[in-house]
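Subject: Structure handover and notes

Hello,

The structure you asked about is below, with the sequence. My notes on what was found follow it.

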Amino acid sequence: MNTIAERIYDFLKAFPPFNMLLPESLLSICKSIQVHYVEKDSFIFKTNEPVKEKFYVVKDGDIGLFTASNELVDECDEGDIFGLRALVRQGNYLLSAKAIEESIVYSISSTLFDDFIASNSEASKYLMTNLVSNYRKSNIEDQSHNVFASLHHTAPVIQDFLEEQSADYSKNPVTCAPKTSIKDAALLMTENRVGSIIITQKNKPLGIITDKDLRTKIATGLFSIEESVSKIMSSPVITYHTNITVAEAQIAMLKHRIKHLCITKDGTVNSELTGILSEHDIIVIRENNATVLIKEVKRSKSIEDLKQIRLRGQNLLKRYIEQQIPITFASKIITEINNSITIKIIENAISFMNYPLPTSFTWLAIGSQGREEQLLLTDQDNALVFDDVPEKDFKKTKGYFLKLSKKVTQDLNTVGFEFCPANMMASNTKWCLSLSQWTKQFKRWITSPDQDNLMLCTIFFDFEPIYGNKDLVENMSEGIFESISKHEIFLNHLGVNALKNPPPLSFFRQFLVEQSGEHKDQFDIKTRAMMPLVDAARLLILSNNIKAHNNTILRYEKLIEVEPQNKELYNDCLIAFKNLLHFRTAQGLKHHDSGRFIDLKSLSKADRLELKNCFKAIKEIQELILVRFNLSQFL
């Protein structure tokens, strides 16, 4: 290997998809890569220029992608790939690539791409699920010396689980027979306002004609418009089964350099045509996927922009539920969208303040938000912890963070996260405290576990840092576990609290419903079914002295690991909670509310049975808690 190729190899092997290639494949690429020095404000390619047979990787510097009107739509820095979509699409560039600063760029030919990358299934899958709508780091200054550097400013790339999603395709493709004239086929395409027509025989696909064929084969005079479509159709067509995923579709389009896939009953050309999937269909899905939404959050200019992104997030959630995407995946995606919106709002609020931060702080999500289990648009629950300051500076420091918190909670409310009715928000002076104040407060709750303090523990023990100084959160956690270790009877009281909602069935196995009020005769799935499992998981995790696990599903997974003798029970609880979370989310999306209160009369017999099956796990986990913590004497 020559010296230049060695350097290129050492650089690329650290970045996907190159780190997914065999060493010998990557070496072959590195030997043929071209190296370009690009001065500031120089163009690598421009809008409307013919696409070059290559794509690019940034070695050093910063390359901006601009629209024809010179609007910056993306920035590519070390290890980022650009120009690949244009290479696959062909035609002319839709964006310009210009050096924002002095840069070094590698170019890789289409031949190398075909031979070594597109042919590698892992690399292809990565490109399709990550690169096409890559989530860049937010455009913020280096904050390595900033006391409020965010914990999640550079959140990991979200794959959006597109490989799990079924692609929505047209169920009514326009078709014609092989002997149909090109003129008649073009008229059919025009009448139906489509860019392609499938040539079929006995409803089996033989070929396809697209707008491109009409431009390159008819408009150029190569064929007469009176000839049959069989003369110019592309054949054989590429076919896939009806449950094709987005990732499969994109890989197929990339591999075959095409923009349309025929969908047939069994995925072969020898079965009945059921639909057609186009690149445009994929783009529509991509416009509303998590990576794109988060990218738009970074570029948002107003609270109204964030509100619209949050609403689109709900549409994304609806699609996940309809397509039976695992609820753990959906929860992770929606949490990342919510967190990115919150981070943007906090950043804006800091800019709004008229003087610098007095000390470091952390913004905390608490309750269901802190457990990453809030999928629907419900009220906000948050708190703020700031680092200790000298007593003479305390009043001014707290005043600053209260003002900041009021701005943040107001903007969150505007976006769609309503104010907490119980005022459990960082804008409340009770929940905007210094580190030492929080430590003392947690200790007081633990050493004096009356009903009110236990209720506060169940909310505030489930905290998750969204933005801020990680050390503050770690110190808070240490304080909680230290206090529990010195007052072990607290766990007994927390255990009694975990039993306050027994399995929600009467003696005759009927659902226990609300007896009065606005939700009379409705079933409270949150209080009666979900919270018993949440409370049990929290108690058992604390009793095992396990930190950094706030999510209920992750807690049960960890309990399975540390208590293998109870694996079956914890797994039942895990499955029950997933089903309940999925059920509540589906109900909330259906009725445009929180999904908490359910009209049992609207449920099918199968749905009611599925709910009842979840209650067995509640009964068994509460029996375990009763025995383990010797709670008979407390009841």
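Taking the contacts in the chain between residues at least 6 apart in sequence, 71% join residues at least 24 apart; contact here means heavy atoms within 4.5 Å.

Some ground rules. This is a predicted model, in which local features need pLDDT of at least 70 and side-chain atom pairs count only at pLDDT 80 or more, while totals for chains, interfaces and linings use all residues. Residues are numbered from 1 along each chain as its sequence is written, and side-chain values use heavy atoms, with hydrogens and water left out.

Overall

The chain has 22 helices and 18 strands. Helices (H or I, at least four residues) and strands (E, at least two) are DSSP runs, numbered from the N terminus. Along the principal axes, the C-alpha atoms fill a box of roughly 90 × 65 × 45 Å. Of the 635 residues in the chain, 51% are buried. Buried means under 20% relative accessible area, exposed means over 50%, and partly exposed is in between, with a 1.4 Å probe and protein chains only.

Helices α10 and α11

Two packed helices are described by the angle between their axes and the distance between the axes. For helix α10 (residues 290-299) and helix α11 (residues 303-322), the axes come within 10 Å and cross at roughly 170°. That makes α10 roughly antiparallel to α11. Axes are lines fitted to C-alpha atoms, for helices over the stretch in contact, and angles run from 0 to 180 degrees between N-to-C directions. Angles under 35 degrees count as roughly parallel, over 145 as roughly antiparallel, 65 to 115 as roughly perpendicular and the rest as oblique.

On the α10 side the contact involves A290, L293, E296 and V297, which meet L306, I309, R312, G313 and L316 of α11. The residues of this contact divide into six nonpolar, one polar and two charged. In this scheme Ala, Val, Leu, Ile, Met, Phe, Trp, Tyr, Cys and Pro are nonpolar, Asp, Glu, Lys and Arg are charged, and the others, Gly among them, are polar.

Aromatic residues

The structure holds 27 aromatic pairs. Rings of Phe, Tyr and Trp (its six-membered ring) pair if their centres lie within 6.5 Å; planes under 30 degrees apart count as stacked, over 60 as edge-to-face and the rest as tilted. One of the pairs is F45 with Y93, which counts as stacked because the ring centres are 3.8 Å apart and the planes are at 5°. This pair links distant parts of the chain, 48 residues apart: F45 is in strand β2 (residues 43-45), and Y93 is in the loop between α3 (84-89) and β6 (96-109). F45 and Y93 are both buried.

F442 and W445 form an edge-to-face pair, at 5.5 Å centre to centre and 80° between the planes. The two are three residues apart in helix α15 (residues 435-447), so about one helical turn separates F442 from W445. F442 is buried at 2% relative accessibility, and W445 is buried at 1%. Ring pairs also link F442 and W445 into a cluster with W431, W438, F460, F461, F463 and F490.

Two lysines sit over rings. K98 lies over the face of F66, 4.8 Å from the ring centre, and the charged end of K396 is over the ring of Y355, 5.8 Å from its centre. The criterion is NZ of Lys or CZ of Arg within 6 Å of the ring centre and within 35 degrees of the ring normal.

Helices α17 and α18

Helix α18 (residues 489-498) is largely enclosed by the rest of the structure, because seven of its 10 residues are buried. These are F490, L491, N492, L494, G495, N497 and A498. They pack against α15, α16 (451-460), α17 (470-486), α19 (525-543) and α22 (605-628).

In helix α17, S483 is buried at 9% relative accessibility. Leaving aside neighbours within four places in sequence, S483 is in contact with K443 and I446. E482 also lies in α17, but is partly exposed at 45%.

E372

E372 is in the loop between α13 (367-370) and β14 (382-386) and is partly exposed at 28% relative accessibility. Not counting residues up to four places away in sequence, E372 touches S331, T335, E464 and N551.

Regards
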